[in-house]
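Biologist: I have the structure open and would like to go through its packing with you. May we begin with the helices?

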Amino acid sequence: AFQGSNILGLGFTMKPEQARELIVHDARNAEVLQPYVIGKDLNQRPDCSASRWVINFRNWTLEHAERYPDCIEIVRREVKPGRDRNRDRQRREIWWRFTRPAPELYEAIKALDYVLAISLVSNAVMPVRMPTGQVFSHACGVFALDDFASLAVLSSSAHSVWTIRYT
């Protein structure tokens with residue numbers, strides 16, 4: 001199990017409509033725009049779909065990120081000013097990337113079509129099966145499991161009781 005990405009900068013995020021507009025404007029933008037699943041999405045949206053999208057430049061250099069001018073300009077305008085004031089030198093210097101991108105999570109799930117995810121900021125202890133290819137926020141616990149048997153175990157009352165008792 002893994003904790004999702006800590007993006008540190010809401011300027012990376014946008015409404016789905018804005019993401020669609022950016023993709024229509026330049027189809028290459030689809031390479032850096034992904035659904036962004038937060039804990040609230042897992043618990044409050046009937047289909048658990050992402051309520052926002054996120055600009056994800058992964059571990060790319062600034063030069064590589066600048067190949068996507070629409071998206072880098074949004075990040076430059078919305079994220080960089082806050083990062084420039086951050087005390088952490090790395091956050092100031094690598095302002096176009098997430099603070100904690102959770103590469104170990106995405107490496108573990110790259111061969112999977114689905115994962116099991118759960119909100120870490122709720123008293124609901126109910127995992128859901130989610131498609132990969134999304135960015136999971138730091139408020140999500142993600143299990144690198146895609147089978148229904150694991151979902152059944154994690155959804156069981158025995159597991160729920162154990163989780164409530166020991167966490």
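This is a predicted model: local features need pLDDT of at least 70, side-chain atom pairs count only at pLDDT 80 or more; totals for chains, interfaces and linings use all residues.

Biologist: Which residues of H1 and H4 meet?

Modeller: From H1, Gln18, Leu22 and His25 meet Asp70, Cys71 and Ile74 of H4. Sorted by class, the contact comprises 3 nonpolar, 2 polar and 1 charged residues.

Biologist: Turning to cysteines, how many disulfides does a search of the whole structure find?

Modeller: The search finds 0 disulfides. For cysteine 140, the nearest cysteine sulfur belongs to cysteine 48 and is 10 Å away.

Biologist: Is cysteine 140 buried or exposed? And cysteine 71?

Modeller: Cysteine 140 has 0% relative accessibility, so it counts as buried. Cysteine 71 is also at 0% and therefore counts as buried.

Biologist: What about the largest nonpolar core?

Modeller: It has 25 residues, and those with the most contacts inside it are Leu33, Ile55, Phe57, Cys71, Val75 and Trp96. H1, strand S3 (33-37), strand S4 (52-55), helix H3 (62-65) and H4 each give two or more residues to this core. The largest share, 4 residues, comes from H4.

Biologist: What does phenylalanine 57 touch?

Modeller: Leaving aside residues up to four places away in sequence, phenylalanine 57 touches Val32, Ala65, Tyr68, Cys71, Ile72, Val75 and Trp96.

Technical notes. Residues are numbered from 1 along each chain as its sequence is written. Side-chain values use heavy atoms; hydrogens and water are left out. Contact means heavy atoms within 4.5 Å. Ala, Val, Leu, Ile, Met, Phe, Trp, Tyr, Cys and Pro count as nonpolar, Asp, Glu, Lys and Arg as charged, and the others, Gly among them, as polar. A disulfide is a pair of cysteine sulfur atoms within 2.5 Å. Buried means under 20% relative accessible area, exposed over 50%, partly exposed in between (1.4 Å probe, protein chains only). A nonpolar core is a set of buried Ala, Val, Leu, Ile, Met, Phe, Trp, Tyr and Cys residues joined through side-chain atoms within 4.5 Å.
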